[in-house]
Amino acid sequence: QVQLVESGGGLVQPGGSLRLSCAASGSIFSTHVMGWYRQAPAKSRVLVAAITSDGVTDYIDSVKGRFTISRDSAKNTVYLQMNSLKPEDTAVYYCNADGRATMGPNADYWGQGTQVTVSS
């Protein structure tokens, strides 16, 4: 069982920055795709950024050039650096570890979520 603990959310003004962290309970980056999702009120949860076991990253168009996903294997931690934040980035952000391709159908884990609010 993998546990994910997020931190770093909060209230920030438009144009500001935040860095989210997701600490995993073990060394899982070689077997799991790590992703950051967000869910705004009354909307579906969407994948914002992901990093594969090979270190390949991908982003939704609306955050390209503003958000950066990275990881520190020594700390078992994934980060989401968010710059030039906009009000439409306001959401609960969730960390996900998806190991279903290598570890089986139950290897899909979620953090508890952290609120990001962009407002003046």
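I take buried as under 20% relative accessible area, exposed as over 50%, and partly exposed as in between, with a 1.4 Å probe and protein chains only. The model is predicted, so I take local features only at pLDDT of at least 70 and side-chain atom pairs only at pLDDT 80 or more, while totals for chains, interfaces and linings use all residues. Residues are numbered from 1 along each chain as its sequence is written, and side-chain values use heavy atoms, with hydrogens and water left out.

**Entry 1: aromatic rings**

I looked up Trp-110 and found this residue partly exposed, at a relative accessible area of 35%. Tyr-94 is buried, at 13%. I count rings of Phe, Tyr and Trp (its six-membered ring) as paired if their centres lie within 6.5 Å; planes under 30 degrees apart are stacked, over 60 edge-to-face, the rest tilted. The structure holds two such pairs. Tyr-94 and Trp-110 make an edge-to-face one, with 6.5 Å between centres and 85 degrees between planes. Tyr-94 belongs to strand E9 (residues 91–98) and Trp-110 to strand E10 (residues 108–110), so the pair ties together parts 16 residues apart in sequence. Strands (E, at least two residues) are DSSP runs, numbered from the N terminus.

**Entry 2: Arg-45**

Which rings does Arg-45 cover? I call a charge over a ring if NZ of Lys or CZ of Arg is within 6 Å of the ring centre and within 35 degrees of the ring normal. Arg-45 lies over the face of Tyr-94, 3.7 Å from the ring centre. The charged end of Arg-45 also sits over the ring of Trp-110, at 4.7 Å from its centre.

**Entry 3: core**

I define a nonpolar core as buried Ala, Val, Leu, Ile, Met, Phe, Trp, Tyr and Cys residues joined through side-chain atoms within 4.5 Å. The largest one has 30 residues; Leu-4, Met-34 and Trp-36 are among those with the most contacts inside it. Strands E3 (18–24) and E4 (33–39) are among those that each supply at least two residues.

**Entry 4: sheet**

I counted strands as paired if DSSP finds at least two bridges between them. An open sheet of four strands runs E1-E3-E8-E7, with antiparallel pairing. Its edge strands are E1 (4–7) and E7. E1 and E3 pair over four bridges. Leu-4 stands opposite Ala-24 in E3.

**Entry 5: Asp-98**

Asp-98 is in strand E9 and is partly exposed, at 22% relative accessibility. Asp-98 and Asp-108 are ten residues apart in sequence, but 4.6 Å apart C-alpha to C-alpha.
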